[in-house]
Amino acid sequence: MQWSDEQLALAKKYRKLSDIPVEERRYKCHTCNHVVGTDPCPVCGETQLEIMCPLDHTHCAHEIVSGIEYCPLCGAPVCPECGSHDVTQISRVTGYLQDVSGWNAGKQQELKDRVRYTVA
């Protein structure tokens, strides 16, 4: 993934999502699946909204990609082809495929640090 200069400048400006001023924030509502500009959600009233990374354009048309990248601002997994944060990362653990979103922070960091090789 090639991040633009503008995106990299945002990542330097805001070290974490909570640093984004309230008036510049967008939120993801996981109840009604809308991207909204206010908390609580004006569509369904949900009050537990996630601050949305400004580098997330919310739509990925790719079904399966073999690799994963990480957002330079929020550190979330992103599609390496389009940069969308709307991805589910899975890993094979002892023969089973598993969604890694439920892993603890240490195990997720271990996954990020893995070196991947291609056999030719």
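1. A salt bridge is here a side-chain nitrogen of Lys or Arg within 4 Å of a carboxyl oxygen of Asp or Glu. The structure holds two of them. In one, the side chains of lysine 28 and aspartate 56 meet at 2.8 Å, N to O. Lysine 28 belongs to strand β1 and aspartate 56 to the loop between β3 and β4 (69-70), so this pair ties together parts that lie 28 residues apart in sequence. Both lysine 28 and aspartate 56 are buried, where buried means under 20% relative accessible area, exposed over 50%, and partly exposed in between (1.4 Å probe, protein chains only).

2. On the basis of the values: this is a predicted model, in which local features need pLDDT of at least 70 and side-chain atom pairs count only at pLDDT 80 or more, while totals for chains, interfaces and linings use all residues. Residues are numbered from 1 along each chain as its sequence is written, and side-chain values use heavy atoms, with hydrogens and water left out.

3. The other salt bridge joins the side chains of lysine 107 and glutamate 110 at 3.2 Å, N to O. These residues are three apart in helix α2 (residues 105-113), so about one helical turn separates them. Lysine 107 is partly exposed, with a relative accessible area of 33%; glutamate 110, at 40%, also counts as partly exposed.

4. Helices (H or I, at least four residues) and strands (E, at least two) are DSSP runs, numbered from the N terminus. Three strands form an open antiparallel sheet in the order β2-β1-β3, two strands being paired if DSSP finds at least two bridges between them. The edge strands, each pairing on one side only, are β2 (35-36) and β3 (50-51). Two bridges join β1 (residues 27-28) to β2; within β2, valine 35 is the bridge partner of lysine 28.

5. A nonpolar core is a set of buried Ala, Val, Leu, Ile, Met, Phe, Trp, Tyr and Cys residues joined through side-chain atoms within 4.5 Å. The largest has nine residues, including Trp3, Tyr14, Ile20 and Leu73. Apart from it lies another core of six residues, among them Tyr27, Cys29, Cys41 and Ile51.

6. Glutamine 89 is in the loop between β5 (77-78) and β6 (90-93) and, at 11% relative accessibility, counts as buried. Not counting residues up to four places away in sequence, glutamine 89 touches Ile68, Tyr70, Pro77, Gln98, Asp99, Val100 and Leu111; contact means heavy atoms within 4.5 Å. Glutamine 89 and valine 100 are 11 residues apart in sequence and 6.0 Å apart in space, C-alpha to C-alpha.
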